[in-house]
Amino acid sequence: MGRSSEVNKMGTELGKYKLCVSARSSDKEILKKAQDGGIVTQLFKYALEEGIIDGAIVSGPGDEPWRPRPFVATTVDELMKSRGTKYNLSPNVSFIKEATRSYGLDRIGIVGTPCQMQATRKGQLYPVGLRDVPDKIALAIGIFCMENFPYQSIKQLVEDHAAMNLNAVKKMEIGKGKFWVYGERGQVVQLPLKVTHKYEQPGCHVCLDYVANLADVSTGSVGSPDGWSTVFVRTKKGDDIWSKAITAGCFETKAIEQVKPGLELVSKLANEKITKNQKTVEERAKFGVNKALRNPYISPK
Amino acid sequence: MKADVEKKAEVIKKEDKPVADKIKVGHVHMSGCTGCLVSLADNYGGLLTILDRYADLVYGLTLADVRHIPKMDVALVEGSVCIQDKLSVEEIKETREKAAVVVAVGGCACYGNITRFGRGGQTNQPQHESYLPIGDLIKVDVYIPGCAPTPQLIRNVCVMAYLLLKGNKDQQELATKYLTPLMQLADRGTEACGCDLMYHIINQGLCMGCGSCAAACPVRAITHEYGKPNVNREMCIKCGACYAQCPRSFFNFDVMNEFEGIMEAIDGALK
């Protein structure tokens with residue numbers, strides 16, 4: 001059921017994975033404030049309760065509304081406070097060493113965007129400044145990501161374009177080709193992505209990963225019905241934890257082949273992102289007059 | 001009973017691992033704090049496995065009773081070179097002659113690091129005031145930046161160096177791919193600073209605010225402003241860890257995509 005071979009069938013845009021399903025948490029409390037299927041919160045909750053992780057680096061509430069900050073959650077309560085997607089930067093990897101020091105974690109969970117999963121794996125293979133961290137990453141959960149925004153961009157989009165107070169926003173969402181802002185009192189504002197594009201973080205435009213290919217488990221809304229998430233289980237570690245969580249009844253699942261819009265849409269969006277950003281990378285090579293911008297995929301020079 | 005004991009003693013006497021295929025490694029100590037050597041030693045059991053199976057330590061301060069730099073496959077050099085100290089200058093040149101591969105281990109050997117701030121005046125040899133990264137005097141093949149460099153990166157490089165010199169074709173290919181960015185760093189030059197994050201990441205439109213640099217910084221000089229790193233330049237010791245750790249300084253998909261297998265292989269090699 002959805003179990004693909006090690007080499008995925010649809011090309012490389014979805015990365016390697018062992019299993020792909022549509023899923024949602026079976027915990028009503030989690031779903032109340034979850035972005036979609038509550039996968040990240042539920043999987044961390046299970047791992048925390050089972051002692052698979054000692055804590056997880058998540059995007060917790062910051063000083064301003066909808067401004068996340070990296071936060072080391074060591075209790076289920078703290079995890080619950082971090083539910084939902086905040087569409088702006090939270091440098092979660094900045095806590096990856098601190099989590100093993102001040103917080104004393106031996107088994108770290110970390111959630112992040114595809115680039116943060118890349119940073120985590122680079123940190124394990126080339127731990128230049130991450131002493132004793134590489135062997136302590138117990139569960140890395142990646143979230144699908146087309147691009148991210150600086151906080152100031154989100155502020156501008158919500159307050160100027162959507163004319164809403166950030167304090168009064170219940171949820172933000174990017175889906176069905178629009179940027180959605182839901183107010184506490186039931187109002188809904190949608191912005192076309194044409195408006196949001198220019199506010200995107202520039203560094204995202206060279207990113208060649210949509211579905212967090214290097215995570216243990218990656219998840220996102222795309223491909224699944226409302227309230228459900230698409231889940232890729234990628235590594236042995238991920239597979240082990242995921243199957244235990246399934247056995248423990250943490251998730252409801254549906255075969256990805258049986259849901260709409262399904263994997264085809266994930267592939268389509270992944271290819272769109274990769275093609276567009278590959279083009280950006282190529283254009284950078286001839287950006288000036290016989291002068292190139294740096295290409296990190298070739299060398300550190 | 002007695003026969004058993006004798007038999008056991010005999011078994012212990014026999015070395016069950018062939019030593020002929022080991023590579024010869026030396027630790028050359030220039031002007032550094034010995035923190036890099038401590039990092040190497042902090043691999044604990046892993047270091048013993050490395051010395052048991054893959055490498056003979058043919059030179060090393062306090063570890064190997066050898067006076068002059070011998071011929072070796074890999075020289076791990078710690079520290080920068082004080083150019084007012086004749087012996088240091090001779091020894092770094094000799095290291096280049098005697099070693100097939102020279103690895104600059106740690107911030108001082110790669111970039112000068114904290115020794116960049118030397119002004120001389122210290123007791124005993126006050127005239128010793130100019131410290132250069134080894135790459136300013138000899139050609140360096142591989143960089144392991146950081147202050148201190150991590151036991152795990154030193155371990156990974158040791159295993160890869162062994163595979164490169166003694167492995168089969170596939171292993172050599174993997175080791176080459178793995179070591180390439182560290183060789184490119186060596187090629188790139190001898191100057192590092194938190195400013196590299198501005199010049200070569202943020203100014204180049206590459207930063208995506210992951211936080212790797214702040215995690216890597218040994219002196220906590222990096223905070224994030226507007227989601228991007230901000231370096232306290234007074235605190236920066238110029239070790240090069242932040243830039244090398246950044247996934248947008250280098251990111252080699254052919255290696256990273258195989259992270260699971262590579263980590264298993266390294267773990268397996270040290271079991």
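This is a predicted model: local features need pLDDT of at least 70, side-chain atom pairs count only at pLDDT 80 or more; totals for chains, interfaces and linings use all residues.
Me: Which domains does the assignment give for chain B?
Reply: The domain assignment of chain B gives domain 1, residues 22-188, and domain 2, residues 195-270.

Me: How far apart are the C-alpha centres of the two domains of chain B?
Reply: The C-alpha centres of domain 1 and domain 2 of chain B are separated by 21 Å.

Me: And how many residues are in contact between them?
Reply: In chain B, 20 residues of domain 1 are in contact with 14 residues of domain 2.

Me: Which helices supply at least two residues each to the domain 1 side?
Reply: In chain B, these are helix H3 (45-54), helix H5 (107-111), helix H6 (151-166) and helix H7 (169-188). H7(B) gives the most to that side of domain 1, with 6 residues.

Me: What classes of residue does that side have?
Reply: The side of domain 1 of chain B that touches domain 2 has 9 nonpolar, 9 polar and 2 charged residues.

Me: Changing topic: where is His29(B) found?
Reply: His29(B) belongs to strand S1 of chain B, which covers residues 23-29.

Me: Why is His29(B) called partly exposed?
Reply: His29(B) has 18 other C-beta atoms within 10 Å. A buried residue would need 20 or more and an exposed one 12 or fewer, so His29(B) is classed as partly exposed.

Me: Which residues is His29(B) in contact with, leaving aside neighbours within four places in sequence?
Reply: His29(B) is then in contact with Leu61(B), Glu78(B) and Gly79(B).

Me: How far apart are His29(B) and Val77(B) in sequence and in space?
Reply: His29(B) and Val77(B) are 48 residues apart in sequence, while their C-alpha atoms are 6.1 Å apart in space.

Technical notes: Residues are numbered from 1 along each chain as its sequence is written. Chains are lettered from A and ligands numbered from 1 in the order in which they are written. Domain bounds come from an automatic or database domain assignment. Two residues are in contact if their C-beta atoms, placed from the backbone, lie within 7 Å. Helices (H or I, at least four residues) and strands (E, at least two) are DSSP runs, numbered from the N terminus. Ala, Val, Leu, Ile, Met, Phe, Trp, Tyr, Cys and Pro count as nonpolar, Asp, Glu, Lys and Arg as charged, and the others, Gly among them, as polar.
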